[in-house]
Structure formats: C-alpha cells, structure tokens
Amino acid sequence: MRRFILLIALVVSSQVFAYSKPVLGPAEIFEVGDSAKEFLARIDTGAANSSLHAVDLEVEGGASKIKKHDIGKTIRFNTENHRGEHSTSSGKIVDVSTVKNAQGIESRYMVELALGFDGDVRQVKVNLRDRTHMDYKLLIGRNWVKGHYLVDVEEKPVIGAKADIAIIESDLIYEARIDTGAVETSLHATELHIVDEDTDNMDNNIGKIIRFKTSNEDGQVATVSTKIVDTSLIRNSQGSEVRYMVNLTLGEPGKEYTVKVNLRDRTQMSQKLLIGRNWLSGHYVVDVNKR
C-alpha cells in the first residue's frame, strides 16, 4: 500500500507550497526488468540516475575502447539481489554516464530498464556497476523519483535535492547535496592536523583536537578547530576507508542543529557538503523535484 503525505501551507524560502504525492521510505522493494525479480533498493536523492549491480558485462560484438562507441549495442550482464538470487539480463546500451567520485572520473554503460514499485512501473535509464561491496544492489535515483514521489526518512517538512546549509563553526553557507542514500553527513576537509596524533591507530585520536580547512562551492575558505568524537568505516565500490567524525552545528540558516559529520577530501565533488540521513532523520522529507 502506498503511503501519502499532505503538506499544506509549508513556508520554504518565503514561498508557500502544497504537496500531495506518494511517499517512499529510505529503502523499498522494487521489481526490476521483465522478470520482475525483487530488489531491496536504497532510495538515493543524491544520485541523478538509478544504478543496478552488474558484473561479467559482455557487449555484443565486443566492447570498444571508447564506451560511447558501444551505444546501440546489446549488453549482457549478471546481477544479484538482496536475497543472493542470481540472474542474467540483457538490454540495449542507450547511453554512457560519467560519474565523478573521490577516485576521479568513471564511465558506466546505461540501459533502459523497467523499475516498479507497488504497481508503478516505469522505464528509466539505469547505469550498470559492480556493487559487490555495497549494502544495496539497486539504487533508485532522481530520474525515477522526480515528479512522482517524496522521500521520507520520517514525516517532516520538505527539503529539496539541494539546499543552502550553513555550518556555524566554519561561518560558511554551502550549496549542499541532500542525499538519502548516505547514512552520515560529510564535509569537504583538507590539511587535517591532529594535536599529538597517533599515526598508527585512528581510534586512539578520538577526543583529540583536529584542525582542518574547508571551502564551499563559491571557493570561500575557512579553518575549523574542533574535537574528534568518533571514527567511521565507509564502504564503497573501491573497498573501505576510515574517516574522522566531529560534531558540527549545521542547517538552513537560523535552523541549525548539531550532528556528527565525517571529514573527507571532496575536491573532485561538485558539492562540498553532503547531507545524510543522520541530519535528515526526524526533521525533513526530501522532494527531488525541488532545487
């Protein structure tokens, strides 16, 4: 049964909006392709496109050195859902997406697949990638959600796919990406310096003072000094990494509150601040149709 939320006379940026759309939770069961195989999917407003776990990719006639030259060809691949059920699928390559991440730039094949939730089945472009190290083998991005659903980690006011978020400690305002696919909030940080640092064991630095530089999308730079409160193990397609976490006070200007934030070098990322579920939970519904 679909869940609905009606938000009336909600004031955002001095304008009044009324919303009446179905609501997706942070994770939902989706059917994929003609086989209607079920996947537990992460609803990720931080991702422009949906993404499916795919390995053993075989392009009909052989893959070109330049992926864009394969557009129009048929591709076969193996996939696996959250239950460990394996299947082989195929589709026509309709595009190649370029994805920027901390490791640089990556190109992925895109196919059109039917993605269905609660009877709502729509064809969208889906990029194929090896998600072996990811908790979710299917990620539902904005290209499936936009214009159709709100995303609710809990029932609260609406925030868009991007928002102006202030961080009190840096005295900067960031054009932040609102990312329901991320557990934690993450801030661009470079030149980390820890007082009496233990270089062998990061956990031994918990409680120590860390000093780092951060900057927003306009290139404004600030130096922040605060206490390390935890470390966080982050898993991604390249494996895993440990990041320091600090308490920072952030939010829409005048509506800030304190959460744990992990520190990473986001030089290659468009957004220098990523807002995760630990900031959203209990506070906002995400509507990717908004800015």
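1. Let me start with Trp-144. Leaving aside neighbours within four places in sequence, Trp-144 is in contact (heavy atoms within 4.5 Å) with Leu-24, Phe-30, Ser-50, Leu-115, Phe-117, Asp-120, Arg-122, Val-124 and Tyr-149. The charged end of one of these, Arg-122, sits over the Trp-144 ring at 4.0 Å from its centre; the criterion here is NZ of Lys or CZ of Arg within 6 Å of the ring centre and within 35 degrees of the ring normal. Elsewhere, Lys-67 lies over the face of Tyr-109, 5.5 Å from the ring centre.

2. A word on the basis of these notes. This is a predicted model, with local features needing pLDDT of at least 70 and side-chain atom pairs counted only at pLDDT 80 or more, while totals for chains, interfaces and linings use all residues. Residues are numbered from 1 along each chain as its sequence is written, and side-chain values use heavy atoms, leaving out hydrogens and water.

3. Tyr-257 and Trp-279 make a stacked pair, with 5.2 Å between centres and 10° between planes. This pair links distant parts of the chain, 22 residues apart: Tyr-257 belongs to strand β21 (residues 257-264) and Trp-279 to helix α2 (residues 277-280). Helices (H or I, at least four residues) and strands (E, at least two) are DSSP runs, numbered from the N terminus. Both Tyr-257 and Trp-279 are buried, that is, under 20% relative accessible area, with exposed meaning over 50% and partly exposed in between (1.4 Å probe, protein chains only).

4. Trp-144 and Trp-279 come up again in the largest nonpolar core, which has 59 residues; together with Leu-250 they touch the most other members. Such a core is a set of buried Ala, Val, Leu, Ile, Met, Phe, Trp, Tyr and Cys residues joined through side-chain atoms within 4.5 Å. Strand β9 (residues 104-117) gives the most to this core, with five residues.

5. β10 runs antiparallel to β9, joined by eight bridges, and parallel to strand β5 (residues 50-53), joined by four; two strands pair if DSSP finds at least two bridges between them. Glu-112 has Lys-125 of β10 as its bridge partner, and Ser-51 has Asn-127 of β10.

6. The β9 and β10 hairpin has two residues between the strands, and there Asp-118 takes a positive phi near 50°. Most residues other than glycine have a negative phi. Asp-118 is partly exposed because its relative accessibility is 40%. Asp-196 also has a positive phi, about 55°, although it is not a glycine. Asp-196 lies in the loop between β17 (190-194) and β18 (209-215), and it counts as exposed because its relative accessible area is 64%.

7. Is strand β16 (residues 185-188) covered or open on its faces? Both faces are covered: Thr-185 and Leu-187 on one side and Ser-186 and His-188 on the other are all buried. β16 pairs with β21 in the parallel sense over four bridges, and Ser-186 has Asn-262 of β21 as its bridge partner.

8. Finally, compare two polar residues. Asn-81, in the loop between β7 (74-80) and β8, is buried because its relative accessibility is 1%. The side chains of Asn-81 and Glu-85 are joined by a polar contact of 2.7 Å (a pair of N or O atoms within 3.5 Å; within protein, one must be able to donate a hydrogen and the other to accept it, and residues adjacent in sequence count only if both atoms are side-chain atoms). Not counting residues up to four places away in sequence, Asn-81 touches Lys-37, Glu-38, Phe-39 and Lys-137. Ser-90, in strand β8 (residues 86-101), is partly exposed because its relative accessibility is 42%.

How values were computed
Phe/Tyr/Trp six-rings, centres within 6.5 Å; stacked < 30°, edge-to-face > 60°.
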